[in-house]
Amino acid sequence: MSASHILIAVALFQLKHYIADFLLQSRRMVVDKGKYGHPAGLLHVAVHVALTLPILLYLGVAGKAIALTMLIEALVHYHIDWGKERLTALRLLTPSDSAYWYSLGADQLLHQLTYICIVAVWAV
């Protein structure tokens, strides 16, 4: 796969993440994704995974590899979000606290690194 295809795939993941985390994430998802196993958090992850499918197809991933990749992404994404929400709740962080923004930045960084790993695995 060419370098331009790899960069396009990474850009598609960034766009996908923006859409799923900022445009399609409901207030209920935001409020309840820190409650382990809550349907709103699971739905949030389902939105992410559904938007990942066309990117995997673009990368040429097929068959069981698509399902495995989407499962891994779902598990990783869910636990990154859950962990950030637990940290925020346990430390009683609000947007007025710098630690709140550090944790949000770390959350976003971990998601982006996940996408880079997915592209690295399938763009070879």
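Buried means under 20% relative accessible area, exposed over 50%, and partly exposed in between (1.4 Å probe, protein chains only).

## Basis

This is a predicted model, in which local features need pLDDT of at least 70 and side-chain atom pairs count only at pLDDT 80 or more, while totals for chains, interfaces and linings use all residues. Residues are numbered from 1 along each chain as its sequence is written, and side-chain values use heavy atoms, with hydrogens and water left out.

## Nonpolar surface patch

L15 is in helix α1 (helices are DSSP runs of H or I, at least four residues, numbered from the N terminus). With a relative accessible area of 46%, L15 is partly exposed.

L15 belongs to a nonpolar surface patch with I8, L12, Y18, F22, L23, L24 and Y58, which together have about 740 Å² of accessible area. Six residues, the largest share of the patch, come from α1. Patch residues have over 30% relative accessible area and no salt bridge, and nonpolar side chains (Val, Leu, Ile, Met, Phe, Trp, Tyr) are joined within 5 Å. Areas come from the Shrake-Rupley method with a 1.4 Å probe, and for residues only the protein chains shown count as cover.

## Salt bridges

The count of salt bridges is five, each being a side-chain nitrogen of Lys or Arg within 4 Å of a carboxyl oxygen of Asp or Glu. K33 pairs with D81, the closest N and O atoms being 3.6 Å apart. K33 lies in the loop between α2 and α3 (39-58) and D81 in helix α4, so this pair ties together parts 48 residues apart in sequence. Both K33 and D81 are buried.

K84 and E85 form a salt bridge at 2.7 Å, N to O, and both K84 and E85 are buried. Salt bridges with shared partners join R28, D32 and K35 into one network. Within it, K35 and D32 meet at 2.6 Å, N to O; K35 is partly exposed at 45% relative accessibility, whereas D32 is buried at 2%.

## Largest pocket

The largest pocket has a volume of about 380 Å³. On a 1 Å grid over the protein atoms alone, a pocket is an open set of points with protein on both sides within 12 Å along at least five of seven lines, and lining residues have an atom within 4 Å of a point. Points are joined across faces, edges and corners, and the volume is the space filled by probe spheres set on them.

The lining has 18 residues, with V30, K33, K84, E85 and Y100 nearest the centre of the pocket. Two or more residues come from each of α1 (3-23), α2 (27-32), α4 (64-90) and α5 (98-122); α4 gives the most, six. The lining comprises seven nonpolar, four polar and seven charged residues (Ala, Val, Leu, Ile, Met, Phe, Trp, Tyr, Cys and Pro count as nonpolar, Asp, Glu, Lys and Arg as charged, the others as polar).

Definitions and conventions: On a 1 Å grid over the protein atoms alone, a cavity is a set of points where a 1.4 Å probe fits but cannot get out, and a pocket is an open set with protein on both sides within 12 Å along at least five of seven lines; lining residues have an atom within 4 Å of a point. Patches are made of residues with over 30% relative accessible area and no salt bridge: like charges are joined within 9 Å, nonpolar side chains (Val, Leu, Ile, Met, Phe, Trp, Tyr) within 5 Å.
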